[in-house]
Every structure is written in structure tokens, then in C-alpha cells.
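Please look at the whole chain before turning to its parts.

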Amino acid sequence: MLDFSRFGETQVVDCHVHPWPPWKADGKLDETALKAKSAELLETITYGRLSQMNVYGNPDHSALYLKAVNPGLFYAGGYAPWSFEAKSWKETDWPRYIESLVALGYDGIGEMGAKPVTRDKHTLLDSTAYEGFWSACEDAGLPVVCHVGDPEEFWSEEQTPPWAKARGWGYYRGDYPALEELYGEVEHLLSRHPRVKVVFPHFLFLSPHLERLDDFFTRHPNANVDLTPGIELVYSISRRREDWRCLFTRRADRILLGTDIGMSKTVKEHLARIWILCMFLETSEEFYTPDSADELLTRYDEPFIGLDLSKETLEKICTGNFHRLWGSKPRIVDVKAAEAAAERQGHIGVAKALKNLK
Ligand SMILES: [Zn+2]
């Protein structure tokens, strides 16, 4: 078992957790499965010494179950379309939809965004299809977690790691938008919606480009990033450790901690993700991907190097920024309304489990 007792007393909120695979509402989820997931995440929170988690909701409202049975521990992001499915959301009355998510007890939106798909499937994040969505989130002051892009290596056949190829995450075949085109969409939507509170996961894949990320922060005061692996970000930051250490300190208000638990499948694997991030932020040591980690966490020959951040910087990255954007307490779930919503949309297992909570 990895040792967590060595880490300091800083509270840690994980802003990036997938209880169930993203994009899919699993019609088979029932009370037994929901209870098991709740127990798995609680065990992770306890051993990994987390204080809270932000879990990403699927259309079945299963995330609201986690919130309702564990008051105060879980925040949940309401569902919004990824770029490949936005076409079928064209008729959405966005202000009403966003309002309904808040009324059910969701705390923010996401994860949504643009994981690269071929051009024919991709709806631009700055197109009219998303315009009402961004306006509604901006007006409601609701934080959005918006994934844009992927590691730049994934656009090169030689550089894409085997585990990514196995998942179809290589954008060198077929007609995928270039990473720069996706960044163009982000620039445009932020210039139109400067007040929208948004977190771009995985450092917006800019970890090879420190100066560019710094400039991005300057130009967009309400944009934030999370440092969820993409283990390549821990690796590339370690290669320019001193410069990045200054940036983490100077931009401490704009960086959040996330793990992508759910890409990992077992408590042991979840804990390996948390451990890597604690080693990275809190110590000055050299370390490697632990054996217990999932295969998405590439095993590099060169070590990662901890940033040894100050207590004040750690507090912001691990908790303060999340609480500033999401509030210090999760919203209360309207269990009855959540049950009705799940039932109306045909997610009978989730609806029954919520019903049994009353
Ligand atoms: Zn994610």
C-alpha cells in the first residue's frame, strides 16, 4: 500500500472524478451498483485523505445518488454535450436546462467539451450550437469543466503511446481538427463570454508550452486549468521544474487538483493517482509511476520531480480555488425531483435507488 501519512495536513478536493464512463448513461445501473460505487469512492477518499470529490454526472442522474447518500462529500457536474453529440442538442432551451440542473442539486457542469473526433462529427465549441449554453452558464455563474484537445503527441503516429492507440486516441489518421483549431475555438468563446467560470482539464495540454499558458492566464482572467494527468504533464513539468515552480506559485489562483479517477478502475489504482499528485506538489523528491497505477499512467525512464510548493500555494491548488468557484459546500439534492427526472428519462434503476432513500 502506498504511504499517505507522509503528506501534510492540506485539505484536498479532487475536482475531476468519473464515477462511470463518460458519455454513457448505463441503463443497467441499479441500487446494488450505486451502493458499490459509493463504497469504492468512500474508501478512496478515506485512504487517499481527500476531503471532497467533484464527480461528473451522466444523463441518468446517478451522480445525484452519490451526493444524496454522502452529504457534504460530493459535488456533481450536470450533463452537457461533448462536441460529437452537440448536434442532437440543438433544440435545447439552455437557460431552462441549466436552471433545472441547479434545481436538482448539481453544483456545476461537466466534464464536457471537445475530445478530438473527426471533423464531420465535431461541433465547434464557439459555434451557434453552443452559444446559448455558454451564455446560460455565464449568467448563472455556474462553473464548467471543459476538456479541450489531448496531448500533442496524439497527432503523431510515432509519438502516440500504445495505451492511447488501443483506445482510438490517435488523430493522425482521418480528418481530425488540429489542436490549434481547437485552441482557436477556446479563444473565441472566451472573448465572447469573458465572465464564464471555466476549468480546462489537463493544463489545457499546454504543459510543453509554459509561456503560452502564462499568456493565456493573463488574457482570460476567469479561465482556470486542472492538473489532472495526462501523466505527460507531470513529466514535462518535471523537465522544466524551476520555471514551472515559479508559475505554480505566481498562478496559484488558477490551478486546481484533479485525478481522473474512473480512468483508473480499482481503489488501488485510484490511490496511485492521488499519491502521484501529492508527491508532485508536496515533496521535492524524484519518483516514478508506482506499480499499482493503471496503464494510462505511462512508465517513463526519467523520473518525475516534486515541486515542493509552499503551504499557501498548496492550499489554493488543493482546496481554495475549488471552493471559490463551486462554493464551500455542495448543493443539497432534491431527491424527489431527481427520482422523477431519472424515471422520466427511463433510468429506472437510478430512480428506484433514489426512491429508497426517502
Ligand atoms: Zn476526465
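The explanation begins with the chain as a whole.

This is a predicted model, in which local features need pLDDT of at least 70 and side-chain atom pairs count only at pLDDT 80 or more, whereas totals for chains, interfaces and linings use all residues. Residues are numbered from 1 along each chain as its sequence is written.

The secondary structure of the protein chain comprises 13 helices and ten strands; these are DSSP runs numbered from the N terminus, with at least four residues (H or I) for a helix and at least two (E) for a strand. Of the 358 residues, 47% count as buried, meaning that 20 or more other C-beta atoms, placed from the backbone, lie within 10 Å of the residue's own.

Helix H3 spans residues 94-104, and its residues Ile98, Leu101 and Leu104 are buried. They lie on the same side of H3 because they cover an arc of only 125° around the axis, the arc being that of the directions from the helix axis to the C-beta atoms. In general, an α-helix has 3.6 residues a turn, so residues three or four places apart point the same way. Just after H3, Gly105 takes a positive phi of about 120°.

Strands E6 (residues 198-200) and E7 (residues 223-226) run parallel and are joined by three bridges; strands pair if DSSP finds at least two bridges between them. Val198 has Ala223 in E7 as its bridge partner. E7 also pairs in the parallel sense with strand E8 (residues 255-256), over two bridges, and there Val225 is partnered by Ile255.

Conventions:
Buried ≥ 20, exposed ≤ 12 C-beta atoms within 10 Å, placed from the backbone.
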